Amino acid sequence: HDVTVGCGYVGVENDCTDAQRNPANELYLRTFPTTGAATQATFGGRDASGFHEYHIFEAGGQRFMSLAMSWRASDAAIAWARNVIASHPTVPVILTTHDYLAIDSDAVTAKDTPYGDFLWDRLIKDNDQIFMVLNGHNHGSARKFRVNDFGNRVHEAVSDYQMAYQGGNGYMRIYEFDLTENKIKAVTFSPCVPKKPKPTLNPFARAVLNGPNNEIE
């Protein structure tokens, strides 16, 4: 494990988890309370800390779960997530979290992280319903896959453009699931660039990002 001193990097499993935070000091909990999340039709529930939640949505006749885990998950949060998955045994799960994959010095290759390994060992590898893990935190984009205990691939991708031109140009990633061909496609685009005045555009103002880690098929 990385032993660099600082929040989130000492002990990985138990440093700065939701269990160690003071809810009264958390801007996220005040700004995005459970009552607000519950107004969404897809909302399934939050854990006791209020930092982790899940949604269930349907597309193309298939139900999916979006399981969102916060910065550092406590043992209680991991237990909550495992119970949520077990309570929906037929629903494929997309796990989103702040930090999971990193990017190597070549700016292309995905690199495992201590916290990613922690989540893999404690939550993902023996839960065959989890087929995709998405994260940000680490600047750039990369992807890879691991094989879980059932011999199936778990697709992993990091995308974070906040350090790019103009704070990332508002880049968004859209994933498309082709249930007939059993394929996953993705495109990364900016809804902001097409609205910018043409005289202000430059080579960094790209509406669609190309490349193997920005376009997936």
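Reader: Why is Arg46 called buried?

Author: Arg46 has a relative accessible area of 14%. Buried means under 20% relative accessible area, exposed means over 50%, and partly exposed lies in between (1.4 Å probe, protein chains only). The value of 14% is under 20%, so Arg46 is buried. This is a predicted model: local features need pLDDT of at least 70, side-chain atom pairs count only at pLDDT 80 or more, and totals for chains, interfaces and linings use all residues. Residues are numbered from 1 along each chain as its sequence is written, and side-chain values use heavy atoms, with hydrogens and water left out.

Reader: What makes the contact of Glu53 and Arg46 a salt bridge?

Author: A salt bridge is a side-chain nitrogen of Lys or Arg within 4 Å of a carboxyl oxygen of Asp or Glu. For Glu53 and Arg46 the N to O distance is 2.6 Å. That is within 4 Å, so the pair counts as a salt bridge. Glu53 has a relative accessible area of 11%, so this residue is buried. By this rule the count comes to 10 salt bridges.

Reader: How do you know that strand 1 and strand 2 pair?

Author: A strand is a DSSP run of E with at least two residues, a helix is a run of H or I with at least four, and both are numbered from the N terminus. Two strands pair if DSSP finds at least two bridges between them. Strand 1 (residues 43–46) and strand 2 (residues 53–59) have 3 bridges, in the antiparallel sense. Arg46 stands opposite Glu53 in strand 2. Between the strands of this hairpin are 6 residues, and Gly50 takes a positive phi near 90°.

Reader: What makes strand 10 and strand 12 edge strands?

Author: The open sheet has 3 strands in the order 10-11-12, with antiparallel pairing. Strand 10 (172–178) and strand 12 (208–209) each pair on one side only. Strands of a sheet pair through backbone hydrogen bonds, either parallel or antiparallel.

Reader: How do you know that Arg146 and Asp112 form a salt bridge?

Author: The closest N and O atoms of Arg146 and Asp112 are 3.2 Å apart, which is within the limit, so the pair qualifies. The pair links distant parts of the chain, 34 residues apart: Arg146 is in strand 8 (residues 140–147), and Asp112 is in the loop between strand 6 (110–111) and helix 4 (114–124). Arg146, at 13% relative accessible area, is buried, whereas Asp112, at 35%, lies in between the cut-offs and so counts as partly exposed.

Reader: How far apart are the atoms of Glu156 and Lys144, and what network do these residues belong to?

Author: In the salt bridge of Glu156 with Lys144 the closest N and O atoms are 3.3 Å apart. Glu156 is in strand 9 (residues 153–160) and Lys144 is in strand 8, 12 residues apart. Glu156 counts as buried at 2% relative accessibility, and Lys144 as partly exposed at 24%. A network of salt bridges links Asp112, Asp117, Lys144, Arg146 and Glu156.

Reader: What lines the largest pocket, and which strand gives the most to the lining?

Author: The largest pocket is lined by 21 residues, and Phe131, His155, Asn182, Lys183 and Ile184 lie nearest its centre. Strand 9 gives the most to this lining, with 4 residues.

Reader: Why is the chain said to be as compact as a globular protein of its length?

Author: The chain has 5 helices and 12 strands. Its radius of gyration is 18 Å, close to the 17 Å that the globule rule gives for 217 residues, so the chain is as compact as a globular protein of that length. The radius is taken over C-alpha atoms, and the rule is 2.2 Å times the number of residues to the power 0.38. Along the principal axes, the C-alpha atoms fill a box of roughly 55 × 45 × 40 Å. Of the 217 residues, 42% count as buried.

Conventions: 1 Å grid on protein atoms, 1.4 Å probe; cavity = no way out; pocket = protein on both sides within 12 Å on 5 of 7 lines; lining within 4 Å.
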